[in-house]
Amino acid sequence: AAPAAVAAPGAPIGKIRGTGACILLSIVTLGIYTWVWYFKTHEEMKRHSGQGTGGGIALILAIFVGIVMPFLTAAEVGNLYERSGKQKPVSGATGLWYLLLAWAFFIGPIVWFVKVNGALNAYWRSLGAN
């Protein structure tokens with residue numbers, strides 16, 4: 001188990017989202033669920049840390065300049081770890097998985113999502129989410 005993260009007293013903890021379920025929802029909704037995921041996760045990170053883009057801006061970026069989201073999301077997840085004194089499991093550079101391997105049967109986006117959603121879930125679990 002990961003050591004407990006340091007958060008401001010009373011800082012809200014985000015929700016654990018099953019990686020497989022999120023991928024399935026993204027497929028079934030023809031990608032629309034990805035916008036929901038970006039909105040919810042960025043909103044939770046902002047409420048928790050007081051920093052980051054927040055859900056509304058993340059949603060606007062996802063709709064209009066979606067290519068920035070793999071980089072931005074991975075960076076913000078990594079920053080949660082960094083602010084709590086832990087090594088970042090993901091960073092903005094993790095977005096390269098998405099960008100460089102998107103053409104290969106979506107392997108890049110899947111690897112990216114497994115890494116980023118897994119790191120975010122691990123962070124929330126370290127604070128007691130289940």
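## Exercises: aromatic pairs and a helix contact

Trp37 counts as buried, with 3% relative accessibility (buried means under 20% relative accessible area, with a 1.4 Å probe and protein chains only). The model is predicted, so local features need pLDDT of at least 70 and side-chain atom pairs pLDDT 80 or more, while totals for chains, interfaces and linings use all residues. Residues are numbered from 1 along each chain as its sequence is written, and side-chain values use heavy atoms, leaving out hydrogens and water.

**Exercise 1.** Classify the aromatic pair of Trp37 and Trp112.

*Step 1.* Rings of Phe, Tyr and Trp (its six-membered ring) pair if their centres lie within 6.5 Å; planes under 30 degrees apart are stacked, over 60 edge-to-face and the rest tilted.

*Step 2.* Here the centres are 6.1 Å apart and the planes make 75°, giving an edge-to-face pair.

*Step 3.* Trp37 sits in helix 2 (residues 32-49) and Trp112 in helix 6 (residues 107-126), so the pair ties together parts 75 residues apart in sequence. Helices are DSSP runs (H or I, at least four residues), numbered from the N terminus.

*Step 4.* Trp112 is buried too, with a relative accessible area of 2%.

**Exercise 2.** Describe the pair of Tyr38 and Trp112.

*Step 1.* With 6.4 Å centre to centre and 50° between the planes, this pair is tilted.

*Step 2.* Tyr38 belongs to helix 2 and Trp112 to helix 6, 74 residues apart.

*Step 3.* Both Tyr38 and Trp112 are buried.

**Exercise 3.** Which residues do ring pairs link into a cluster?

*Solution.* The cluster consists of Trp37, Tyr38, Tyr98, Trp112 and Phe113.

Key:
Helices (H or I, at least four residues) and strands (E, at least two) are DSSP runs, numbered from the N terminus. Buried means under 20% relative accessible area, exposed over 50%, partly exposed in between (1.4 Å probe, protein chains only).
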